[in-house]
Amino acid sequence: MNEATVFIIAFGQAIAAMGLYQDGHPARARSVDTAYQRLQTLLERDAAPQFSFVEREVIYAGRSLRELRDWPPAARLAKAGVQRLELSVEVSRDAFELFLDEIATRLASAGSAEAPQMRQSAVRYGVLGLRGEQQTTPLGVALPTATIRYSLAEEVAATQWIHGEVVDGSSIPLLEAEATVRSLSSVMHAEHQLVMPLLSLREYDEYTTTHSLNVSVLAMALAESLGLGAREVRAFGVSGLLHDIGKVCIPNDLLNKPGKLTPEEREIIQQHPVHGARLILKSGQQLDIAAAVAYEHHIMIDGCGYPKLHFRRDCHPASHVVHICDVYDALRTRRPYRDSWEHERVMAYLREAAGTEFDAALVHVFDKMMQSWRREVIQDETLAGAA
């Protein structure tokens with residue numbers, strides 16, 4: 001097992017010991033010592049380790065720790081307001097024990113989704129909030145945070161790594177894709193309301209990453225607005241994350257060409273849904289919905305679009321959802337060959353094309369969802385300005 005996994009296991013055992021034994025008990029001291037030693041080993045390799053606890057998974061460096069998949073303490077920690085954990089080399093043994101004692105107390109009291117006020121410390125934890133301070137991620141998007149300086153940097157890195165694995169000929173890493181989607185889902189539900197932490201594009205070469213993450217977030221939000229269950233929502237999120245995976249087979253200079261495409265170039269780009277479905281099916285993972293979405297997300301409700309269907313048939317509901325989210329984010333993003341569209345212009349286009357290009361009922365739900373979200377954003381901005 002790697003150092004991060006070894007530390008988290010010792011961390012969980014120490015918290016359990018804190019709840020079982022009184023201060024000064026040898027067993028309690030031994031468990032703290034062991035966890036602290038495991039932390040020091042981890043800090044030798046990573047001076048500022050960060051962990052996220054999402055449902056029953058532990059995410060470190062943008063990836064799910066495989067050995068800790070379905071780890072029950074992760075869900076309890078998240079419920080107690082410890083969705084995010086940050087440590088640094090400055091943490092002392094005494095400070096570490098105080099932190100463990102605080103966490104054990106929160107767990108013993110059945111937890112609270114309201115994290116305490118963050119303090120400058122070598123141990124920092126809190127919920128995945130989206131209010132308060134601001135930080136700029138590597139992709140240039142400002143994300144307000146509540147108790148910690150949270151960004152989507154890990155999710156960005158994980159998505160780039162997934163694409164890199166596919167480019168290198170490896171199968172699609174399903175665990176990492178699912179962990180990224182679970183993490184996005186937690187951020188979406190920060191402070192017990194739906195928020196959408198959409199990334200903004202800084203460099204054209206970052207488009208594939210930002211677009212994939214944004215479509216994943218929008219697809220999950222729309223799936224929830226439709227009343228789907230948590231498992232289906234995550235499946236739609238994974239499908240959104242992987243919908244353009246076939247573009248790894250298309251040269252970047254063609255994807256980012258500033259001028260008008262020739263018919264031959266357009267035909268090459270329009271092959272990415274076929275490439276994507278093949279890559280997903282070739283991986284041998286349980287990704288049937290994602291494969292369908294990769295193939296169908298450019299097929300219109302009236303049967304037009306691409307790739308051309310030999311026989312008219314209905315596409316998967318997830319494909320219709322991702323199609324709307326894909327077009328919305330694509331038009332809202334500045335590209336080499338055109339400027340970005342304003343939100344209202346994009347929504348007007350979606351409404352106009354409802355029933356021909358897009359599923360009309362889905363456009364209606366998406367429209368209501370976006371109106372509600374944007375009202376919350378305006379209210380928050382107004383409150384922040386008044387403060």
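Me: What makes the crossing of α7 and α8 right-handed?
Reply: A crossing is right-handed if the near helix is turned clockwise from the far one by less than a right angle, and left-handed if anticlockwise. α7 passes α8 in the right-handed way. Please keep in mind that this is a predicted model, where local features need pLDDT of at least 70, side-chain atom pairs count only at pLDDT 80 or more, and totals for chains, interfaces and linings use all residues. Residues are numbered from 1 along each chain as its sequence is written, and side-chain values use heavy atoms, with hydrogens and water left out.

Me: Why are α7 and α8 called roughly antiparallel?
Reply: Angles run from 0 to 180 degrees between N-to-C directions, with axes fitted to C-alpha atoms, for helices over the stretch in contact. Under 35 degrees counts as roughly parallel, over 145 as roughly antiparallel, 65 to 115 as roughly perpendicular and the rest as oblique. The axes of α7 and helix α8 (residues 230–242) cross at roughly 155 degrees and come within 7 Å, so the two are roughly antiparallel. Helices here are DSSP runs (H or I, at least four residues), as are strands (E, at least two), numbered from the N terminus.

Me: Which residues of α7 and α8 meet?
Reply: Contact means heavy atoms within 4.5 Å. Among those that meet are L213, S216 and M220 in α7, and F236, G237 and L241 in α8. By class, this contact has eight nonpolar, four polar and one charged residues. Here Ala, Val, Leu, Ile, Met, Phe, Trp, Tyr, Cys and Pro count as nonpolar, Asp, Glu, Lys and Arg as charged, and the others, Gly among them, as polar.

Me: Why are α6 and α7 called oblique?
Reply: Helix α6 (residues 174–188) and helix α7 (residues 207–225) pack at about 60 degrees, with axes 10 Å apart, and they are therefore oblique to each other. Their crossing is right-handed. T180, V181, L184, S185 and M188 in α6 meet L213, S216, V217, M220 and A221 in α7. The residues of this contact divide into seven nonpolar, three polar and no charged.

Me: What makes F11 and F53 a stacked pair?
Reply: Rings of Phe, Tyr and Trp (its six-membered ring) pair if their centres lie within 6.5 Å; planes under 30 degrees apart are stacked, over 60 edge-to-face and the rest tilted. By this rule there are 11 aromatic pairs. The centres of F11 and F53 are 6.5 Å apart and their planes at 15 degrees, so the pair is stacked. F11 lies in helix α1 (residues 3–20) and F53 in strand β1 (residues 50–54), so the pair ties together parts 42 residues apart in sequence.

Me: How do you know that H298 makes a polar contact with H272?
Reply: A polar contact is a pair of N or O atoms within 3.5 Å; within protein, one must be able to donate a hydrogen and the other to accept it, and residues adjacent in sequence count only if both atoms are side-chain atoms. The side chains of H298 and H272 make such a contact at 3.4 Å. H298 lies in the loop between α12 (288–296) and α13 (317–332).
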